[in-house]
Amino acid sequence: MNSLFLIPINKGLCWLLLVLFVVMSCVNDRDFDILNKTCNTDLKANTSFSDIKGLYTGETIQIHEDLIIEGYVVSSDVTGNFFGVLHFQDTPSNPTEAFQIEIDLRDSHLFFAVGDNIRIKLKGLYLGKSKGVYKIGGVFTSFGNISVGRLPSNAVFEHVFVSCDDKQDIVPTIIDISELAIITAGSLVEINNVEFFQDELGLSFAVEKKETLRLLVDCDDNEIEIRNSGYSDFQANLVPEGSGSIIGLLINENNEFYIQIRALEDISFTNERCEDVIDEFTSQAIFFTELADPHNKAKARFIEIYNASDTLLSLNSWQIVRYTNASLEVSSSLDLSAYNIAGKSTLVVAANTEEFLNVYGFSPDVMGGSNSPADSNGDDNLQLIDPFGTVIDVFGVVGVDGSGTDHEFEDGRAFRKLEVKTGNSSYTITEWVLYNDTGGEGTINEPQIAPEDYTPKARE
C-alpha cells in the first residue's frame with residue numbers, strides 16, 4: 001500500500017523539479033555571455049548623423065523616408081547604470097558625431113554589445129530633442145504634446161540591426177575637463193588625473209533608487225559631475241579615494257556636462273590624490289588706484305585696482321566691500337575669485353557694463369552691478385580684503401559719512417598718487433588727489449566729466 005502510494009508522489013516531484021530547472025534556465029542574468037546573434041549584411045547607411053539632426057526644426061517629427069544610419073555602440077546596461085537607451089558614435093575612434101536611440105529592451109547588452117556596428121532603419125521612428133540632446137525612438141504623448149519615447153521591445157529588432165562586420169575596439173577620446181566644450185557629446189571619453197571631491201569621500205556612488213551626481217575634480221580644480229543610477233549594481237559601493245583615469249559617456253544636457261560610466265571597471269584610481277592647489281595669498285601690492293562718480297554720467301561709475309608687482313596674481317577669495325555713508329555694517333560686497341590681475345596692470349570694476357563701454361570706449365574687466373561697491377555716489381567707504389579676512393587697502397573711514405570730508409569724491413574722482421606702491425589699511429589723505437562738488441578738508445571743488453577727466457586702465 002505504502003509503495004503504491006509513493007510512486008505518484010515521486011513522479012510529481014520529478015516533474016516539479018524539471019519545470020523549476022527549465023524556468024530557472026530562462027531567467028535573465030546580466031552576467032550571461034552575449035547571445036549568439038544574427039547579423040545583417042544587406043543594410044547600408046545612406047545618410048549621416050548631422051543630416052538627420054538637420055531634420056529637426058523645433059518639434060518632434062516622425063521620419064517617413066527610407067533612411068539608414070550606422071554607428072558603433074558605446075554604452076552598455078550590463079550593470080544597470082544605463083537604462084532604456086543605446087548610445088552610438090560614428091567611428092570607433094576620434095568620433096565627430098554621436099546619437100542615442102530610446103529602447104524599451106531589458107539587458108540590451110546581450111543583443112547590442114559595446115563595439116558592435118549597428119544599422120538603424122529610421123523610417124517610422126521619431127526624432128526629437130530634449131535638454132539639448134537629439135534622440136530617436138518611439139513616441140510618447142502627454143497632454144497632446146508628442147516627444148520621443150522608448151521604442152517597444154518588439155519593434156527594436158525591426159529597426160536596429162547588428163552588421164556582420166567584426167566588433168571593433170572603441171578607443172576613448174582622451175580629454176581634459178577644460179576641453180569639454182570641443183568634444184563630441186554622447187561619445188566615449190577618458191579623463192585622466194581626476195579624483196572625487198573631498199566631500200564625496202565615504203559616500204556611495206548613488207543614493208538607493210535615486211539618480212545621483214558626484215563631483216570629480218582634476219589637479220587644477222576643474223570640475224565635472226559623474227551621473228550614477230540608484231538602481232545600478234554598484235550603487236552602494238563607496239567612491240574610490242585615490243586618483244587616476246575614468247572612462248565614460250560624455251553627456252551634455254542644457255550645456256551642463258556629465259560623465260556616465262558603464263561599469264566600475266571604467267574607473268582606475270590607483271594613484272595618490274592630488275595635492276591641494278593653493279592659490280589663496282595675501283599681498284600689499286594690490287590696492288585701489290581710481291574711484292569714479294562722474295558728474296555727468298552717474299551710471300559710468302567704476303573702481304580701479306592695481307597690481308604693483310611684476311607677477312600675475314590670482315584674486316581667489318579676494319573681495320571689495322562697501323560701507324554706505326556712516327554705516328558700520330557692510331552694505332554690499334563683490335567677490336573677485338574669478339579674476340586674475342597681471343603684473344603692473346589694473347582691474348576695472350564697473351557699476352554698469354553697457355554704460356561704461358558707451359562712455360569710455362572699451363569693456364570693463366568686471367561687472368559690479370547696481371548697488372555694488374563700484375556704484376558708490378562718492379560719500380561711501382571701501383575696503384579691499386584678502387582671502388584671510390585682512391584689510392589690505394581702504395578708502396575712507398568706516399562709520400564716517402564722506403560728505404564734506406577728506407574722503408569725498410561725490411560728482412568727482414579719487415585718484416591714487418603714482419608714488420604709492422602698496423596698499424594701506426588706514427586711510428591717508430596724502431596718498432590721494434580728490435575732486436568733488438564741495439572742496440572740503442583739502443579736496444578740490446571741481447566736479448569731473450566723463451570720459452575726459454578719468455583714466456581707467458591707464459595707471460602707468
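Strands are taken here as DSSP runs of at least two E residues, numbered from the N terminus. The model is predicted.

At least two residues each come from β3 (85-89), β4 (98-102), β6 (126-130) and β7 (133-142). The strands β8 (145-149), β13 (223-228) and β14 (243-253) likewise each supply at least two. By residue class, the lining of the largest pocket holds 12 nonpolar, 16 polar and 12 charged residues.

Two loop positions were examined individually. I177 sits in the loop that links β10 (173-175) to β11 (188-196). Its relative accessibility is 7%, so I177 counts as buried, the cut-off being under 20%. Beyond its neighbours within four places in sequence, I177 contacts I191, V194, V217, D218, N222, E223 and I224. A C-alpha separation of 10.0 Å was computed between I177 and N193, which stand 16 residues apart along the chain.

S108 occupies the loop between β4 and β5 (117-121). S108 is also buried, because its relative accessible area is 5%. With residues up to four places away in sequence set aside, S108 touches D77, L86 and I103.

Conventions. Residues numbered from 1 in each chain as written. Predicted model: local features only at pLDDT ≥ 70, side-chain atom pairs only at ≥ 80, totals over all residues. Heavy atoms only, no water. Helix = DSSP H or I, 4+ residues; strand = E, 2+ residues; numbered from the N terminus. Nonpolar A, V, L, I, M, F, W, Y, C, P; charged D, E, K, R; others polar. Buried < 20%, exposed > 50% of the residue type's maximum accessible area, 1.4 Å probe, protein only. Contact = heavy atoms within 4.5 Å.
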